[in-house]
Amino acid sequence: MAFRPLHDRVLVRRIEAEEKTAGGIIIPDSAQEKPSEGEIVAVGSGAKAEDGTVTPLDVKAGDRVLFGKWSGTEVKLDGEDLLIMKESDIMGIIG
Amino acid sequence: MAFRPLHDRVLVRRIEAEEKTAGGIIIPDSAQEKPSEGEIVAVGSGAKAEDGTVTPLDVKAGDRVLFGKWSGTEVKLDGEDLLIMKESDIMGIIG
Amino acid sequence: MAFRPLHDRVLVRRIEAEEKTAGGIIIPDSAQEKPSEGEIVAVGSGAKAEDGTVTPLDVKAGDRVLFGKWSGTEVKLDGEDLLIMKESDIMGIIG
Amino acid sequence: MAFRPLHDRVLVRRIEAEEKTAGGIIIPDSAQEKPSEGEIVAVGSGAKAEDGTVTPLDVKAGDRVLFGKWSGTEVKLDGEDLLIMKESDIMGIIG
Amino acid sequence: MAFRPLHDRVLVRRIEAEEKTAGGIIIPDSAQEKPSEGEIVAVGSGAKAEDGTVTPLDVKAGDRVLFGKWSGTEVKLDGEDLLIMKESDIMGIIG
Amino acid sequence: MAFRPLHDRVLVRRIEAEEKTAGGIIIPDSAQEKPSEGEIVAVGSGAKAEDGTVTPLDVKAGDRVLFGKWSGTEVKLDGEDLLIMKESDIMGIIG
Amino acid sequence: MAFRPLHDRVLVRRIEAEEKTAGGIIIPDSAQEKPSEGEIVAVGSGAKAEDGTVTPLDVKAGDRVLFGKWSGTEVKLDGEDLLIMKESDIMGIIG
């Protein structure tokens, strides 16, 4: 089931941070308040100005990105938990 | 009875999520806070800029869409419960 | 007594919903929170941009419209209760 | 003493609604929350856009208008109580 | 000591309203909530748009003006109490 | 150590008001709520519009200015306490 | 691991202020509320206007800058604590 985000929205698969040590102990980590890492799954056609001009987004499917931990709306598509957010919630591209 | 949404508004028929298991048991589901699914019934002629320019919408009648669970205003037309919302409340198109 | 709404305002006659059953019993109805129906009585010359450009409205006298239940300001003209509201309070046209 | 309102402001003389019956009894009237009626006494040269463009107002001295009951600032000029308000506080023209 | 207001600011000398009767009795007067009268002492070069365009002000030194009683910031220049405010705080010109 | 303010920011050295009488007695003075006086130490290259246009500032190093008492952010550069603020916090130029 | 900030964001390495005296005693310092110093590590391609125009930033990698103590979002990249903030949070360039 394909999903096309509208306008300047992107669909993101969250990459869970490793929260266990090598020995498997869960570490309560203040780092959990830091930005989350994710992979862009799909992007909208671009931001739409009031006069109708469409500006393509700067991220593309496959990009690994950082975004605010609380950004976006959770959505389940084909049984997978994904996030829909605006490109402006993306802080930058890793890699 | 036809209804023409004004400007950048759309008329949406909510598609209720299946909340029962195969055996018919209702599952209280946190997923209820997730976006709702719907079908576009009618769309306005487009967003109108301050200078009068009209930009047609990116969704059309028949599109299956996701929208914020609490978006839109309920309206009963010909005995059917529908929703009027702005295109900006639509997160994306499924299909 | 004529009344010309200014700019992007419209004058609306509310059409009261039937709240009685065939047998005349008043039904307390949650539907009362739904949009109201009305008829456009008069419209302004159009929205005025900062540079003075006037964009004519998309509704006209005689249109049957839906608007938010709490939209507009009540006004009594020639003994009739009417509503003055902005075109942006109109959700769409019925018909 | 002349008074020239600045920009998109207008000077308005409030026309008090008749609040007595023929027999002189004062009727406490919820209608007092409705818009007030007034007469335009003087108008500014027009709204001024950020780039300096001036757009003349749509009301003129002598117009009978409706405005929000609580709009404007009271001012006493030559012993007369008048109101200074913005044209956007004017709902429409009667006549 | 000269003072040049910046951009769309003006320097105003407040003209105190007469609050005494002929016999010298001070009258507590609700009129004190009404606009204040003043004289323009100096004006800025004009409002500056985002693109750098400067639009000269519509008031000039010597104009008698009305302004909101609580508008502006008090400043003492050469021992005199004056007010610095934006032109948009000026309601109109008397005279 | 040089400091170049960014965009429409300016660096200001506060000129402390004399708060003592000739005889050296400190006078608690309501005037302390009035604007502060300062000297411009350095200015940014100018305000930057959304389209990238840069508009040079109207104040320059050496200007004596008035600014809101609580404007700006304190910063210590080379051991000296200075203020960084936006040009829009400057009310006007003295002299 | 490279990180490319998006649009008008910059990646900053905070330069901790020396909080000890020569003798090594930690001084609780109100100066901690003052702006922080940092070094630009990477910059985005520029601010993007609604019409798609990109305006390059005025800071570049290697610049020593001052920024509001509470600006930005902490992020750990390759084990190093860095900050992502918008260029508008940068007050100026030292050097």
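Predicted model: local features only at pLDDT ≥ 70, side-chain atom pairs only at ≥ 80, totals over all residues.

1. On S36(F). This residue is buried, because its relative accessible area of 9% falls under the 20% limit for that class. S36(F) belongs to strand β3 of chain F, which covers residues 36–43. Its side chain makes a polar contact of 3.0 Å with the side chain of R14(F). Leaving aside residues up to four places away in sequence, S36(F) touches R14(F), V65(F), L66(F), F67(F) and K69(F).

2. Seven strands make up an open, antiparallel sheet, in the order β1(F)-β9(G)-β6(G)-β3(G)-β2(G)-β8(G)-β7(G). The edges are β1 (3–5) of chain F and β7 (73–77) of chain G; each has a single partner strand, so one side of each has no neighbour in the sheet. On average, and with direction ignored, neighbouring strands are turned by 40 degrees against each other.

3. Strand β2 of chain G (residues 9–15) and strand β8 of chain G (residues 80–86) run antiparallel and are joined by four bridges. Which residue of β8(G) stands opposite V10(G)? That position is taken by M85(G).

4. On the interface of chains C and B. Here 19 residues of chain C are in contact with 19 residues of chain B. The two chains bury about 1,600 Å² between them, and 57% of this area lies on carbon and sulfur atoms. Of the area that chain C buries against chain B, 34% is supplied by K34(C), M91(C) and I93(C), more than by any other three residues. The size of an interface is often expressed in this way, as the accessible area lost when the parts come together.

5. Strand β9 of chain C (residues 90–94) contributes five residues, the largest share of the side of chain C that touches chain B.

6. On K86(B). This residue lies in strand β8 of chain B, residues 80–86. Is K86(B) buried or partly exposed? At 36% relative accessibility, K86(B) is partly exposed, because the value lies between the 20% and 50% limits. Not counting residues up to four places away in sequence, K86(B) touches D8(B) and R9(B). S36(B) is 50 residues from K86(B) along the chain, and their C-alpha atoms are separated by 15 Å.

7. On salt bridges within a chain. Over all chains, the structure holds 40 salt bridges. One of these joins the side chains of R13(C) and E39(C), at 3.6 Å from N to O. R13(C) is in strand β2 (residues 9–15) and E39(C) in strand β3 (residues 36–43) of chain C, so the pair ties together parts that are 26 residues apart in sequence. R13(C) is partly exposed, with a relative accessible area of 28%, and E39(C) is partly exposed at 28% relative accessibility.

8. On a salt bridge between chains. The side chains of D58(D) and K48(C) meet at 3.1 Å, N to O. Why does this pair join two chains? D58(D) lies in the loop between β5 (54–55) and β6 (64–67) of chain D, whereas K48(C) lies in strand β4 (residues 47–48) of chain C, so the bridge joins the two. D58(D) is partly exposed at 35% relative accessibility, and K48(C) is partly exposed with a relative accessible area of 25%.

9. E37(E) and R64(E) form a salt bridge of 2.1 Å, N to O. E37(E) is in strand β3 (residues 36–43) and R64(E) in strand β6 (residues 64–67) of chain E, so the pair ties together parts 27 residues apart in sequence. Both are partly exposed: E37(E) has a relative accessible area of 22% and R64(E) one of 39%. In chain A, salt bridges with shared partners join R13(A), E39(A) and E80(A) into one network.

Methods: Residues numbered from 1 in each chain as written. Chains lettered and ligands numbered in written order. Heavy atoms only, no water. Buried < 20%, exposed > 50% of the residue type's maximum accessible area, 1.4 Å probe, protein only. Polar contact = N/O pair within 3.5 Å; in protein donor to acceptor, adjacent residues only side chain to side chain. Contact = heavy atoms within 4.5 Å. Pairing = 2+ DSSP bridges. Axes fitted to C-alpha atoms, helices over the stretch in contact; angles between N-to-C directions. Buried area = accessible area lost by both parts, 1.4 Å probe. Salt bridge = Lys/Arg side-chain N within 4 Å of Asp/Glu carboxyl O.
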